[in-house]
Each structure stands twice: as structure tokens, then as C-alpha cells.
Amino acid sequence: SNATVARLLASKVVLVTRGWIGRAVDEAALNKALFDREGVEVIGVVMNKVHPGKLDSIADFASRGFERIGLELLGIVPMENMLAEPTLQQICEHIRGRFLYNESESRRHSKQVVIGAVSSANLFHGVKEGTLLVVPGDREDVVLAALSRSMAPEGRLLAGLVLSDDLRPHARLLDMLGQTTLPVILSPMDSYTIAQKIHSMTVKTLPGDTEKIDRIQGLILRHVAIPRLLEKL
């Protein structure tokens with residue numbers, strides 16, 4: 001267990017828990033009991049993924065709840081949706097795909113996934129920036145609509161295009177896609193399986209995710225009492 005590892009390393013511990021007050025205090029109490037049994041000092045707790053609009057109220061209630069079990073609240077970090085957004089590279093690996101074009105843009109984030117199951121005329125209604133479009137390659141009307149949108153001034157509306165079922169559009173249409181900056185991925189899976197797999201992904205921050213790393217560092221500096229944490233270490 002983590003408690004045993006901490007004991008073997010002669011390490012102090014900071015607990016990190018999710019941002020629901022009752023559940024967070026309960027989980028911290030259970031974990032603290034385990035660390036206490038191993039003789040490991042728990043120096044405090046940080047709440048993570050807290051609703052940004054409730055930071056002050058949750059901090060007030062949570063700090064009192066943690067104090068009752070002998071823990072100090074060292075920080076309360078708000079939810080940051082961008083950190084949960086997968087990159088196109090992560091998605092490509094997860095759906096057993098490969099880039100046909102613009103792999104250099106593989107660090108783009110996917111904010112939402114849309115399956116091209118409607119007519120091309122209605123495809124982009126309500127679609128927000130950072131959308132990943134998933135469509136069988138033989139739906140050439142939808143692929144052409146995506147191509148047109150990627151060449152428009154608001155071209156970054158689409159994060160990328162996934163061609164499902166290992167189906168490619170007509171060679172001329174493929175060549176036209178290759179002349180844009182739109183990342184295009186080919187996957188052997190069907191569209192709905194691709195969407196399910198993306199929605200169920202566990203998104204991790206990797207060494208190359210510099211934008212996410214900068215955001216995480218900023219969140220920690222603003223919302224965690226670093227001087228107090230170092231003092232307790």
C-alpha cells in the first residue's frame with residue numbers, strides 16, 4: 001500500500017482528495033488511519049478538482065472538517081477542464097489509428113467529439129472550437145464539409161478529423177485534405193466505438209504536454225500554500 005511505501009522511504013505524506021466535502025473528509029480519515037498504523041506522518045491535505053465558483057465556501061467547511069481529524073488543509077485546487085482534454089496523439093494511439101496528414105499538429109486538444117451522422121448542412125450546428133469529427137471515410141459529403149470548414153477563417157473550430165472503419169474518401173478529396181492544416185487520422189474502428197473509447201479515456205499529462213504542465217504549475221502556485229507545505233516537511 002501507499003502507507004507501506006511511505007514507511008519504507010521514511011517519507012512524510014500529503015493526501016490529495018477530490019473536491020466533495022463529505023466524501024473528501026471521510027476518505028482522508030480512512031487514509032490517515034492507514035498511515036498512522038504504519039507510523040507515517042500525514043502533514044496535510046490538498047483538495048483537487050473543486051468547482052471554481054465554490055472555492056471559498058468549500059475551503060471554509062472542509063478546513064473545519066479536516067481539523068477535526070487532525071489534518072491541515074494546505075490547498076484547494078479548482079477544476080480545470082483543459083487538463084482532462086486528450087491530445088490527438090493520445091487519441092490516435094487509443095483507437096489504434098495512424099495519422100494520414102498533419103501529425104505535427106498532434107498536440108492539439110480535443111474538447112468534444114462529434115460523430116458525422118447527420119447531413120453536412122446540419123453538421124456544425126452548436127459545434128464548439130476544439131471539436132474532433134469522427135466519420136466513415138465514405139461519407140464524402142461530411143468529409144467535404146469538414147474540408148471546407150478547415151479552410152475557412154474559423155478553421156480551428158475543428159481539432160481534427162478521424163476517418164473510421166479504415167475507409168478513405170476519393171483520392172482527390174484526400175489530396176485536398178492534405179493541403180490543409182487539419183490533422184487527419186485513419187482508424188479501423190467504427191465511429192461509435194471510437195467515440196466510446198475517447199469518452200472513457202483516462203487522460204494523463206505527459207512530458208511533452210508543455211501547455212498542460214504550465215497550467216498545472218500555475219494552479220499549484222496560486223491555490224496551494226507552498227511555504228506552509230515546505231515548512232511542515
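Me: Which residues does Ser106 touch?
Reply: Not counting residues up to four places away in sequence, Ser106 touches Thr87, Leu88, Gln89 and Phe99, where contact means heavy atoms within 4.5 Å. This is a predicted model, in which local features need pLDDT of at least 70, side-chain atom pairs count only at pLDDT 80 or more, and totals for chains, interfaces and linings use all residues. Residues are numbered from 1 along each chain as its sequence is written, and side-chain values use heavy atoms, with hydrogens and water left out.

Me: Why is Ser106 called buried?
Reply: The relative accessible area of Ser106 is 11%. Buried means under 20%, exposed over 50% and partly exposed in between, with a 1.4 Å probe and protein chains only; Ser106 is therefore buried. Ser106 lies in the loop between β4 (98–101) and β5 (112–115); strands (E, at least two residues) and helices (H or I, at least four) are DSSP runs, numbered from the N terminus.

Me: Why are α2 and α3 called roughly parallel?
Reply: The axes of α2 (residues 21–37) and α3 (residues 55–68) come within 10 Å and cross at roughly 25 degrees. Axes are lines fitted to C-alpha atoms, for helices over the stretch in contact, and angles run from 0 to 180 degrees between N-to-C directions. Angles under 35 degrees count as roughly parallel, over 145 as roughly antiparallel, 65 to 115 as roughly perpendicular and the rest as oblique; α2 and α3 are therefore roughly parallel to each other.

Me: Which residues of α2 and α3 meet?
Reply: Ile21, Ala24, Val25 and Ala28 in α2 meet Ile58, Phe61, Ala62, Gly65 and Phe66 in α3.

Me: What makes β4 and β5 edge strands?
Reply: The open sheet of 5 strands has the order β4-β8-β7-β6-β5, with mixed pairing; two strands pair if DSSP finds at least two bridges between them. β4 and β5 each have a single partner strand, so one side of each is left without a neighbour in the sheet.

Me: How do you know that β6 and β7 pair?
Reply: Strand β6 (residues 131–136) is joined by 6 bridges to strand β7 (residues 158–164), and the two run parallel. In β7, Leu161 is the bridge partner of Leu133.
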